[in-house]
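Subject: Structure for you to look at

Hello,

Here is the structure I said I would pass on. Please open it beside this message.

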Amino acid sequence: MFNDRTAKFLLLAALVICVGGAFAPNWIVNQFMFGFSRALAILGLMVLWRTGLVSFGHAFYFGLGAYAVAILDSKLGVSDVFLRLLAGAVVAGVAGFLIGFIMRNYRDIFFAMLNTAISMVLFGIVVKTESLGSTDGFAISASTIFGLAPETKYPLFVIITLVGLTAALAVNFYLKTTFGKLTTAIRDNEIRVEYLGFSVAHAIHLKYTISTILAGGAGALMAMSLGQVDPESMINWTVSGELVFVTILSGPGNVIAPFIGSLVFEVLRTYAFELAPQAWQLIMGATFLTIIFFLPGGIWSLIEKLGGKKNEK
Amino acid sequence: MRNSSSILQVRNLLKTFGAVVAAKDINVDISQGEIVGIIGANGAGKTCFVNMVTGYLAPTEGSIKFEGAELVGLGTRKITHAGISRSFQVSQVFHSMTVSENLMIALAIANNRGADALGLMDTPDLRSKLDEVLKRYKLEPQKDATVSALAQGVRKLLDIAMAVVSKPRILLLDEPTSGISVEEKFDFMDIVMGALKEDGVTVLFVEHDMEIVERYVSRVLAFYQGEIIADMPPKDALADKKVQEFVIGKEHHKKKK
Amino acid sequence: MEAALTILLDGLQFSSYLFIVSAGLTIIFGVMKILNVAHGSFYAWGAYTAAFFIGKFSDMGLPDALGFLIIVAAAIVVGVILGFIIEQGILKHMYERDEVLIVLATFGLFLVLEDIILIAFGTDPYFAYQPMALLDSVELGGITRDVYGMTLIGVAAVVAVGCWWLLNKTKWGTLLKAVIFDREMGISMGINVPLVYTLTFIGGAILGGLGGAYIAPTISVAPGLGTEVIVLSFAVVVVGGMGSIAGAAIGSLIIGILRAIAVHELPQVELFVVFAVMAIVLVFRPEGLFAPAKPRKI
């Protein structure tokens with residue numbers, strides 16, 4: 001699990017980031033927290049994309065994770081960071097597993113649309129429900145770690161980084177198993193995979209569930225980082241679109257890519273909003289088109305070209 | 001014809017698509033180790049037969065028994081697990097991956113069943129099996145080439161090699177030499193049949209080229225309009241009046257020199 | 001009784017503008033196999049353009065009746081210009097690529113166009129109520145309704161009939177149906193498919209723009225217009241069957257009336273019910289209720 005270049009890089013990078021975070025100014029720490037939270041969801045979407053599937057509705061699971069934290073907080077007073085994270089991932093994962101029974105038979109545009117429909121059902125419910133905060137959402141109390149309430153964001157930052165590290169290592173390993181190697185095979189030729197003796201439906205179900213667990217965890221972490229939840233920035237179809245955007249921006253080549261792509265996205269968004277709030281969507285859309293046309297392998301393919309890191313499939 | 005050492009028993013197979021009868025009264029026994037050629041004009045029912053035996057199509061009526069067990073209703077995956085594989089007329093391979101990667105996937109699926117599928121795929125054991133297949137099918141020179149860049153002939157070899165790694169007991173090849181140039185056909189079939197002979201696989205292959213059929217098979221099944229009109233050794237089949245009229249037509253007479 | 005009539009008329013009005021927009025979306029999908037996310041932008045641009053000029057003309061003291069002309073003109077201008085630029089500039093280069101990738105590209109376009117609206121028109125809402133005020137209101141079955149809202153139903157009917165006539169009674173329609181059924185056959189039959197694609201996209205864009213332009217006088221035209229309508233259009237097109245105008249009509253009716261009922265009887269489910277129907281249709285009949293027959297390819 002630890003003997004390939006990707007794993008070694010991940011471990012080193014996590015170490016450097018954790019240590020560096022202790023000395024970095026708040027705004028940098030925040031960028032990393034938001035970026036790495038989102039990166040978890042991107043990791044899952046990347047696995048689906050490698051299989052040839054694009055979901056335009058993963059904000060459903062992201063939102064479930066976030067709102068699970070919010071509800072646990074407001075109704076049960078749960079503030080422990082690990083419980084919150086677990087809740088987010090489990091709620092989303094169970095939903096994903098159940099929905100996966102249906103979803104695994106869909107492809108292409110129908111797969112994308114069914115996910116959209118389900119996510120908008122949740123959006124519709126939350127937006128109109130007072131007790132769920134409707135359009136305003138609600139705030140979340142600060143997270144505690146083993147009962148202790150930290151003074152700064154640093155401990156949460158470290159936890160998010162370590163969670164990201166764990167997820168990346170796990171997915172990296174997964175992609176080297178028979179199940180994982182089937183991503184591109186299924187995308188290339190499903191019929192052959194069935195004929196060779198492997199159930200494509202089972203494989204897709206597993207990948208879908210993994211992606212929903214990750215998205216739920218991402219939502220939980222994001223909720224904790226932000227200190228609040230609201231439907232517009234967490235469940236609406238535009239959020240699903242953003243997740244897809246970052247997935248394409250990052251590229252499918254390596255588990256490191258989602259983290260780089262998510263950071264780039266955070267930085268881009270922060271600066272775009274500061275310089276020209278009217279132009280954020282324009283920049284995002286134009287970047288999207290540029291990647292689709294000129295760099296379909298995303299940022300990671302650029303990094304590979306520059307020769308820095310070897311692509312480990 | 002009723003043979004106790006037959007491993008494949010087809011009885012009264014019927015396939016209709018609405019008013020169209022694609023297959024009718026198909027009764028055949030195949031013995032272990034036979035090499036059978038399936039001939040017939042386009043649309044005669046050959047590929048339909050292959051699709052039914054391998055579980056891609058369900059017959060309207062009839063039974064297909066493999067070593068006594070009923071295959072009808074099982075589906076392609078279970079039939080592959082049972083020991084029957086097939087290759088495709090248009091090679092069905094993973095075009096964005098290399099030849100080695102294609103074979104590794106086939107080997108992994110065949111060897112890593114159930115929970116094993118969650119273990120690492122690239123193991124020394126699988127690698128040595130890969131080397132063996134590459135050698136058998138003379139694919140070593142192209143082992144790191146991406147499939148989309150390969151010639152048709154190599155792709156078909158790969159297609160067949162992938163079907164064989166699960167060590168099937170029956171292999172159905174659907175027009176293995178179609179798309180391969182006339183000069184290369186025999187070399188191609190020599191490689192394939194040579195490799196298959198080593199494992200003692202029972203082979204049925206659909207073929208249009210009668211010279212290939214004569215050279216490699218011990219028995220011919222001739223199809224016409226969904227029915228088997230002849231079931232005999234190749235020399236007899238080619239001399240049979242019905243086969244000549246409905247399958248070979250005048251072309252073969254022109255070819256014979 | 002009055003409540004039922006209100007729901008019916010609200011539902012029909014809502015269905016009407018949804019239909020106009022969705023007809024464009026579905027025809028683009030049927031012919032080009034592209035699910036055009038940017039369709040929401042045509043709607044928004046149509047609304048903004050119409051609202052802007054209605055306001056300007058009114059300021060200049062010109063007769064309010066010109067508003068109707070502006071609406072149609074706005075739809076055509078938006079459809080032709082944006083449709084042409086997008087199809088020729090971006091989509092034309094992507095026809096060989098994966099259909100989901102094309103959808104993602106249209107999503108990118110949607111984002112770009114949304115912000116250009118902000119830059120061009122600003123963030124303040126526009127109120128172009130003049131055409132609506134002009135037509136005043138009328139008493140119907142005990143309730144008061146704007147005449148303008150009812151003309152919307154008329155416009156939708158005209159669009160529906162127009163599409164039906166185009167597809168079934170003209171040579172163009174036959175060409176379109178051929179391309180919808182099988183693009184390659186169309187090419188081999190000598191149909192100028194690239195031209196068909198361009199004209200279809202522009203036509204669809206005009207319909208999208210018309211939906212927005214016509215609705216503009218009844219709402220406050222503000223940022224975010226396109227975001228909501230596009231996903232409602234998806235629901236319509238999914239329910240009705242992608243590529244079928246009849247499907248778009250039925251889908252719009254179902255969704256429009258359902259939503260009207262929800263708004264009046266149970267507001268909490270207003271959004272939820274639309275997407276629940278979309279999800280149910282996708283699960284039990286993914287092609288939609290009226291999908292055009294697909295040829296079986298071996």
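This is a predicted model: local features need pLDDT of at least 70, side-chain atom pairs count only at pLDDT 80 or more; totals for chains, interfaces and linings use all residues.

Domains of chain B

Chain B splits into two domains: domain 1 covers 6-83 + 167-255, and domain 2 covers 98-166. Their C-alpha centres are 25 Å apart. Where they touch, domain 1 of chain B contributes 13 residues and domain 2 of chain B contributes 11 residues. On the domain 1 side, the elements that supply two or more residues are strand S7 (170-174) and helix H6 (182-199) of chain B. H6(B) has the largest share of that side, with five residues. Sorted by class, the domain 1 side of this contact in chain B holds nine nonpolar, two polar and two charged residues.

Contact between chains A and C

Chain C puts 35 residues into its contact with chain A, and chain A puts in 34 residues. Which elements of chain C give two or more residues to the side that touches chain A? They are helix H4 (99-121), helix H10 (225-240) and helix H12 (270-284) of chain C. The largest share of that side comes from H4(C), which gives 17 residues. By class, the side of chain C that touches chain A consists of 28 nonpolar, three polar and four charged residues.

If you want a place to begin, display H6(B), with the largest share of the domain 1 side in chain B, and then H4(C), with the largest share of the chain C side that touches chain A.

Regards

Conventions. Residues are numbered from 1 along each chain as its sequence is written. Chains are lettered from A and ligands numbered from 1 in the order in which they are written. Domain bounds come from an automatic or database domain assignment. Two residues are in contact if their C-beta atoms, placed from the backbone, lie within 7 Å. Helices (H or I, at least four residues) and strands (E, at least two) are DSSP runs, numbered from the N terminus. Ala, Val, Leu, Ile, Met, Phe, Trp, Tyr, Cys and Pro count as nonpolar, Asp, Glu, Lys and Arg as charged, and the others, Gly among them, as polar.
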